[in-house]
Amino acid sequence: MNVEEIRRQFPILRRTVHGKPLIYLDSGATSQKPQAVIDAICRYYSEYNANVHRGVYQISEEATAEYEGARKKTASFINAKEPAEIVFTRGTTEAINLVAYSWGRKNIAQGDKIILTVMEHHSNIIPWQLLAKEKKAELEYVDIDEEGKLKTDELDELIERGAKLLALTHVSNVLGTVNPVKEIVRKAHSNGITVLLDGAQSVPHMLVDIQDIGCDFLTASGHKMLAPTGSGFLYARKELLEEMPPFLGGGDMIREVHLRDAKWNDVPWKFEAGTMHIEGAIGLGVAVDFLQNLGMSNVRAHEEKITGYALEKLSEVKGVRIYGPPDVDSRGGVVAFTMDSAHPHDIASILDGEGIAIRAGHHCAMPLMERLNVPATARASFYLYNKEEEVDLLAGGLEKVRQVFA
Amino acid sequence: MTYDIYREIILDHYKNPRNFGELENPDIKAKDSNPLCGDVIEIQMKVDAKGIVKDVRFNGQGCAISRASASMLTELVQGKTLDEVRAIGKKDVLDNLGNPDLGPARIKCALLALKVLKVGVYSYIGQAMEKDADLS
């Protein structure tokens, strides 16, 4: 993978911030977009802007073909059996809420157990809290060990004891931990537990083969994988989607509507009420092409290399404490850290002065912050366009932080 | 340059916060957090019969800006009447910090302590008024 060649395709990487080149290390929050994706959005609005699934005229047919084409590409990207298993959503959050509202309300009853982990993002906690309150169901949490890995013995025990659902993240957005999901899914299924996998931090960064992993639901955000904000998807096995009641009601999700009754459209359209984020889906299709051209195993190899380099460089800065697994093969391109002298917010402000964008705060994972016993952390996260020189500049920036707070 | 905000006076109040800690039986106690970063500030005050702030403390976790701002604010309210405390505004806090060039995200850090102070003072005044009017 030629990083310089890739960088040339991201126009934002040519800009400066406070007079210095932008060093973008917050792809865990949202990724930057290549020119091909930006052009695809422009092309939709300048050449064939029309609603999908409605018009019989030329440009509506073109828009429908592109929109449904993006669904096919997304399905093949994660190796789903068919495009009908992909429901477009605004992102991971909406996808999880869809499952909690539709599948959850139908399948979760009083006293049922839902297994979560302490490393979940709020978007994989709150929908289940809401559901558990409504249904008087119980939430159980799997803890992490000192390296930030799931305590698998604890998870095994909860699985053995039985539950209706296990909802867990594939890759932690704070610790970077890559969970051994294939093995976890196998165990859960052998105990009759349905599994939802939050792929927000894995689908953009590594090969995720849904048939190999075998989970029932997978959620992902387009904007973290080079596509526009407001794009994303839910994967679900077709049988599950067919049994699930609708999420939002409205246009396009129906077959027939009468005054007091209606029949639903086929899946996946049953779950896509109203005019969807058409250019978002089209942009997602182009982003998938971009990633597949590079090859996800190359993307992953690049991130492992740069993450390993970052772990080494950052641990050389005095007073830096890094969270998460030390071995790069079990962590994604996310490095959360704290410094003994400076609060994460101050670290991020000083780095901003150097043109370096990192995240500071609780990363929408307050239960994990409590578990780690820190109010917040700083986080650098990498993607296919980041290079080792940027890690050097980050380490240099942290030396400046040390000087200011010395 | 954004790190011009870390001038000497801010760093001094961050590293050596004034009136940091807790009071026994405070008359006023209020706490709030900044959901963006998880910073938490609590302010406690002792007020005498004339409504004069006799003692003040703050505690909590926060960045340099929120902690320095809280520390300076405690110095400002010491010995003031509650009416004077009520009159303290955004501008006073930012002037105190030396008007650093804070962006919209960081300005919330600077104003967290003021928000806590106001909530504390207003609920104290409200309770006092209820007592006077014997509404209970």
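Helices (H or I, at least four residues) and strands (E, at least two) are taken here as DSSP runs, numbered from the N terminus. I am working on a predicted model, in which local features need pLDDT of at least 70, side-chain atom pairs count only at pLDDT 80 or more, and totals for chains, interfaces and linings use all residues. Residues are numbered from 1 along each chain as its sequence is written, chains are lettered from A and ligands numbered from 1 in the order in which they are written, and side-chain values use heavy atoms, with hydrogens and water left out.

**Entry 1: backbone of chain A**

I began with phi and omega. Most residues other than glycine have a negative phi, and most peptide bonds are trans. I looked up N373(A), which lies in the loop between α13 and β17 (377-381) of chain A. Its phi is near 60°, a positive value in a residue other than glycine. N373(A) counts as exposed, because its relative accessibility is 68%; buried means under 20% relative accessible area, exposed over 50%, and partly exposed in between (1.4 Å probe, protein chains only).

H363(A) also has a positive phi, near 55°, and is not glycine. I find H363(A) in the loop between β16 (359-361) and α13 (366-372) of chain A. H363(A) counts as buried, because its relative accessibility is 0%.

I then checked omega. The peptide bond from V267(A) to P268(A) is cis, with omega near 5°. P268(A) sits in the loop between β12 (262-264) and α10 (278-294) of chain A.

**Entry 2: helix α4 of chain A**

Helix α4 (residues 92-107) of chain A has 16 residues and spans 21 Å from its first C-alpha to its last, close to the 22 Å expected at 1.5 Å a residue. The expected span is 1.5 Å times one less than the number of residues. I noted buried residues in α4(A), among them I96(A), L98(A), V99(A) and W103(A).

**Entry 3: domains of chain A**

Chain A is divided into domain 1 (3-27 + 296-404) and domain 2 (48-293), with bounds from an automatic or database domain assignment. The C-alpha centres of domain 1 and domain 2 of chain A lie 28 Å apart. I find 32 residues of domain 1 of chain A in contact with 30 residues of domain 2 of chain A, contact being heavy atoms within 4.5 Å. The area buried between these two domains of chain A is about 2,600 Å², with 63% from carbon and sulfur atoms. Buried area is the accessible area (1.4 Å probe) that two parts lose on being put together, summed over both.

**Entry 4: sheet of chain B**

I traced an open sheet of three strands in chain B, with order β1-β2-β3 and antiparallel pairing; two strands pair if DSSP finds at least two bridges between them. The edge strands are β1 (28-34) and β3 (53-61) of chain B, each pairing on one side only.

Seven bridges join β1(B) and β2(B), and I28(B) stands opposite M45(B) in β2(B). Eight bridges join β2 (residues 39-47) of chain B to β3(B). I41(B) has G60(B) as its bridge partner in β3(B), and V47(B) stands opposite V53(B). The hairpin of β2(B) and β3(B) has five residues between the strands, and G51(B) takes a positive phi near 80° there.

I also checked burial of the strand. β2(B) is largely enclosed by the rest of the structure, because seven of its nine residues are buried.
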